[in-house]
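This briefing goes through one protein model.

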Amino acid sequence: MTLGLGITTFMFVFTYLPQAAVMAFTNGPLAAISAGLLVLSESSTLITILSKTFLIEDALIDTFDGTLLSKDTTDLVSEGRQIKAGGDPIAKLGKLVKKPLEKFSPKAMIRYLMYLPLNFVPVVGTIVFVLLQGKRVGPAAHKRYFQLKQWNESQQEKHIEQYRGAYTGFGVAAVLLELVPVASIFFAFTNTVGAALWAADIEKQHITKEGTAPKLREQAEKAE
């Protein structure tokens with residue numbers, strides 16, 4: 001919370017007025033609101049990057065894996081970490097077998113900076129900006145799931161396209177929730193829980209459709 005408050009205060013003090021002044025030429029009377037939303041978005045992005053990179057990455061992975069265990073997907077979680085005996089999902093989490101995914105993506109940051117100018121277009125620009133961010137954030141929420149599934153890039157893309165609308169909707173909701181800077185870290189955890197619950201549902205659907213040997217089919221696809 002201290003990190004979020006500090007970054008948000010800094011951004012409003014030093015960046016709000018300059019951006020509001022520029023937006024006054026494009027957004028007119030809506031400049032004050034648009035600039036405020038833009039600063040919140042920028043603050044949220046900084047908070048998310050810093051907190052996930054240096055503070056809560058391991059906790060988010062534990063939250064994702066623990067939620068999967070609570071939905072009886074032990075076989076899936078065991079692909080990425082050791083599982084201990086016990087009843088509590090979090091207490092059952094053992095040592096990570098697979099190293100966590102990259103903490104920071106320069107490509108995502110560059111794309112974010114490219115989309116920022118959209119906010120200078122009144123109302124519509126901000127909506128498009130959020131939609132584009134949601135399109136990226138949605139699939140990113142399942143990076144850990146893809147890692148546990150051992151899917152290559154082609155398999156991931158095929159899956160994402162199959163659920164494109166749902167991923168974009170999930171991503172937009174996650175972006176809007178994490179726009180609240182002081183609470184963005186809290187919502188990072190709730191979004192992680194939601195993503196894990198969704199992954200568990202998808203996994204059960206796959207097992208139902210593929211029968212009793214889904215892993216054999218996946219191995220055959222990887223060998224192609």
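In which helix does Leu131 lie? Leu131 lies in helix H6. The model is predicted, and the points below are grouped by topic.

**Leu131**
- Leu131 has a relative accessibility of 43% and therefore counts as partly exposed.
- The class follows because partly exposed covers the range between buried, under 20%, and exposed, over 50%.

**Nonpolar surface patch**
- Leu131 belongs to a nonpolar patch on the surface, together with Leu30, Ile33, Leu37, Val121, Val123, Val124, Ile127 and Val128.
- Together these residues have about 740 Å² of accessible area.
- Two or more residues of the patch come from each of helix H2 (31–54) and helix H6 (124–140).
- H6 gives the largest share of the patch, with 4 residues.

**Helix pair H1 and H2**
- A pair of packed helices is described by the angle and the distance between the two axes.
- For helix H1 (residues 2–27) and H2, the axes come within 7 Å and cross at roughly 145°.
- The crossing of H1 past H2 is right-handed.
- The contact of H1 with H2 has 17 nonpolar, 9 polar and 1 charged residues.

**Overall make-up**
- The protein chain contains 11 helices and 2 strands.
- The order of elements from the N terminus is α-α-α-α-β-β-α-α-α-α-α-α-α.
- The chain has 224 residues, of which 43% count as buried.

Definitions and conventions: Residues are numbered from 1 along each chain as its sequence is written. This is a predicted model: local features need pLDDT of at least 70, side-chain atom pairs count only at pLDDT 80 or more; totals for chains, interfaces and linings use all residues. Side-chain values use heavy atoms; hydrogens and water are left out. Patches are made of residues with over 30% relative accessible area and no salt bridge: like charges are joined within 9 Å, nonpolar side chains (Val, Leu, Ile, Met, Phe, Trp, Tyr) within 5 Å. Accessible areas come from the Shrake-Rupley method with a 1.4 Å probe; for residues, only the protein chains shown count as cover. A salt bridge is a side-chain nitrogen of Lys or Arg within 4 Å of a carboxyl oxygen of Asp or Glu. Buried means under 20% relative accessible area, exposed over 50%, partly exposed in between (1.4 Å probe, protein chains only). Axes are lines fitted to C-alpha atoms, for helices over the stretch in contact, and angles run from 0 to 180 degrees between N-to-C directions. A crossing is left-handed if the near helix is turned anticlockwise from the far one by less than a right angle, and right-handed if clockwise. Ala, Val, Leu, Ile, Met, Phe, Trp, Tyr, Cys and Pro count as nonpolar, Asp, Glu, Lys and Arg as charged, and the others, Gly among them, as polar.
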